[in-house]
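Dear colleague,

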Amino acid sequence: MTQKTYKVIQWATGTVGKAALKYFIENPVTELVGVLVTNPEKVGKDAGDIVGLAKTGVICTDSEDAILAMEADCVLFAPSMMTPPIDMVCRLLESGKNVVSPAGPFLPNKFIPEHAARVEAACRAGKASFHGCGIHPGYSGDILPLTLARLMSRIDCIEVTEIIDKVRNPMIYTEIMGFGADCDELLANPRRSPETYKHFYSSMTLIAEGLGAEIDEVTVKFEVSKAKVDIAHEFGLVKAGTCGGQHYEWTAWSGGKPLIVYHFYWQLGTELDPLWEQGEAKYRVRIHGDPPLECHLMAMEDADGRHPFLGIPWTGLVGCTAVPQVCDAAPGVVTHIDLGVVQPRGLVRR
Ligand SMILES: NC(=O)c1ccc[n+]([C@@H]2O[C@H](COP(=O)([O-])OP(=O)(O)OC[C@H]3O[C@@H](n4cnc5c(N)ncnc54)[C@H](OP(=O)(O)O)[C@@H]3O)[C@@H](O)[C@H]2O)c1
């Protein structure tokens, strides 16, 4: 069976970008034509070397102009959030390339109307499409609950919970995120801004839109737990009495009742007071209503008996699998509702 192929560029090769790069090299439906890197050590390397695959003949460049000038159907744009990505997203769209990206707030989003307008205009100018991808915001916070809603006869409230034990799933930003800080100081000065829910609002709206409901407002709660003992993790040591766990909770209200609640439980082990959630890293969706439903999204057990946190590679893959349909869509911002049931291509390779 012959399949239509798509020329793709991978922009940035961090954790998300590497998962996408590997996907594009291995998938017969995508032809890798360019890779943008910022790290000088990666410039001039073959793309295959970045992800431990055979040589591809595609050489990594740090020249944004070279990437903009390339012929390509789509760019998976996954730079770190240190620089606001909106200008470059628009330049890529204006150059006629479709863009799939986990970087920054997704669109449409009422909190950033000026971004939405600029991206729409760039899509029109370049006759291209923009699609936001990710695991959360993204898949676990919108498509998954919306898909599960098909199994309900009445929905009262949807809870999406991210659970990560950062001892079992070490993360480099653990200290920056306030673990090991004085609890009162952290409560007064949360490292994850109370405004962060605005980045997730596109996912909340997508659920509401899919269910024909309206969100009136979003409220924010933040609490911390104390380490009962010194807790060592791969990137440092959290002293007893300091912050060992964080719970962020964002509630979207509709008609005076909670409709969508996002919880984030980030904890270091189990020697915590209080200990809110235990177990393997996962996204858990609970839909309260009739009949009440619970679904766990997690990695399969690996050879070491662990269920590793796959949220970061999933963020790339959920974008990669949408590339053909985003490229084939009419120009404009393309949401999951526009895409309908995505039919990934090139995954079954006999
Ligand atoms: N929605 C979601 O669920 C979700 C989940 C995770 C991440 N994200 C987003 O996805 C993006 C990528 O995440 P990640 O985990 O892969 O990040 P990461 O590991 O920190 O890597 C990002 C890459 O960006 C490049 N970079 C470094 N400094 C930069 C700068 N100052 N300006 C522009 N690019 C720079 C580097 O690429 P090279 O190494 O190639 O030079 C770096 O490896 C981020 O914007 C993040 O917020 C979204």
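How many disulfides does the count come to? The count comes to zero disulfides, a disulfide being a pair of cysteine sulfur atoms within 2.5 Å. For cysteine 157, the nearest cysteine sulfur is that of cysteine 295, 16 Å away. For cysteine 183, it is that of cysteine 243, at 5.2 Å. Cysteine 183 is buried, at a relative accessible area of 7% (buried means under 20%, exposed over 50%, partly exposed in between, with a 1.4 Å probe and protein chains only).

This is a predicted model, in which local features need pLDDT of at least 70 and side-chain atom pairs count only at pLDDT 80 or more, while totals for chains, interfaces and linings use all residues. Residues are numbered from 1 along each chain as its sequence is written, and side-chain values use heavy atoms, leaving out hydrogens and water.

There are 13 aromatic pairs (rings of Phe, Tyr and Trp, the last by its six-membered ring, with centres within 6.5 Å; planes under 30 degrees apart are stacked, over 60 edge-to-face and the rest tilted). Among them, tyrosine 23 and phenylalanine 24 are edge-to-face, with 5.9 Å between centres and 85° between planes. Tyrosine 23 is buried at 11% relative accessible area, and phenylalanine 24 is buried at 1%.

One aromatic cluster comprises Phe200, Phe222, Tyr248, Trp250, Tyr262, Phe264 and Trp266. Lysine 166 lies over the face of tryptophan 266, 4.7 Å from the ring centre (NZ of Lys or CZ of Arg within 6 Å of the ring centre and within 35 degrees of the ring normal). The charged end of arginine 192 sits over the ring of tyrosine 248, at 5.5 Å from its centre.
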